[in-house]
Amino acid sequence: MTRCLVLAGVMLIASGCAPFADPQDRPRDPAGTATAGQGPEVDDSGATEAPAPPDDGIETAAYTPPEPEPLERRYPRSAGEVSGPAVSSLYRQAQSEADAGRHASAIAVLERALRIEPRNAFVWSRLAEAQLAAGDAGQAENTALRANSFARGNPYLEARNWRVIADARRSAGDQAGARAAVDRVEQARLRQSGG
């Protein structure tokens with residue numbers, strides 16, 4: 001019995017080691033070419049070519065999805081649309097301080113709001129305006145540029161920030177820089193109207 005099992009195991013192993021049949025040994029039709037349907041075509045180099053799909057008279061073309069309709073992006077226009085309740089309250093408080101001419105106090109309140117929401121572009125923009133009103137043109141320009149970095153392409157906010165930058169440059173005596181900033185204001189306005 002053991003001999004039969006050993007012999008069966010040897011036969012199984014030997015059958016697994018059998019060489020593959022040479023593609024040249026396939027059956028051939030009377031014309032001497034390999035018969036169709038017997039696998040992929042093999043050229044003299046041994047490379048295989050996928051069989052052509054059957055011609056059933058139906059034309060097929062690659063699928064091309066339709067062009068998506070452009071979505072009109074709606075940008076927020078005020079801090080209240082993007083701010084949490086605490087920052088909205090601080091923003092209103094800073095606006096009241098600035099309206100009363102207490103720019104240093106407005107700046108302090110806005111800096112407090114930025115500790116809560118450090119990436120709020122509206123708060124950065126309002127801080128730049130307060131700094132400009134307080135007479136710190138250099139800081140106002142830097143803050144407005146920072147506000148633009150958080151604006152995410154919002155043309156309303158960018159126009160407001162470039163206006164601050166233009167005023168800051170003008171007050172520093174940089175007329176060419178102010179004109180360049182005014183050009184950026186106009187570009188942002190064009191984007192507001194979709195132009």
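## A buried glutamine

The side chain of Gln131 makes a polar contact with the side chain of Thr143, at 2.6 Å. A polar contact here is a pair of N or O atoms within 3.5 Å; within protein, one must be able to donate a hydrogen and the other to accept it, and residues adjacent in sequence count only if both atoms are side-chain atoms. This is a predicted model, where local features need pLDDT of at least 70, side-chain atom pairs count only at pLDDT 80 or more, and totals for chains, interfaces and linings use all residues. Residues are numbered from 1 along each chain as its sequence is written, and side-chain values use heavy atoms, leaving out hydrogens and water.

You can find Gln131 in helix H4 (residues 121-133). Helices are DSSP runs of H or I with at least four residues, numbered from the N terminus. Gln131 counts as buried because its relative accessibility is 6%; buried means under 20% relative accessible area, exposed over 50%, and partly exposed in between (1.4 Å probe, protein chains only).

Leaving aside residues up to four places away in sequence, Gln131 touches Ile107, Asp136, Gln139, Ala140 and Thr143. Contact means heavy atoms within 4.5 Å.

Now look at H7, where Gly177, Ala178, Ala181, Val185 and Ala188 are buried. They cover an arc of only 100° around the axis, so they lie on the same side of H7. That arc is taken from the directions from the helix axis to the C-beta atoms.

The buried residues of H7 pack against helix H6 (155-171). On the face turned away from the buried side, H7 carries the exposed residues Arg179 and Leu190.

How values were computed
Helices (H or I, at least four residues) and strands (E, at least two) are DSSP runs, numbered from the N terminus.
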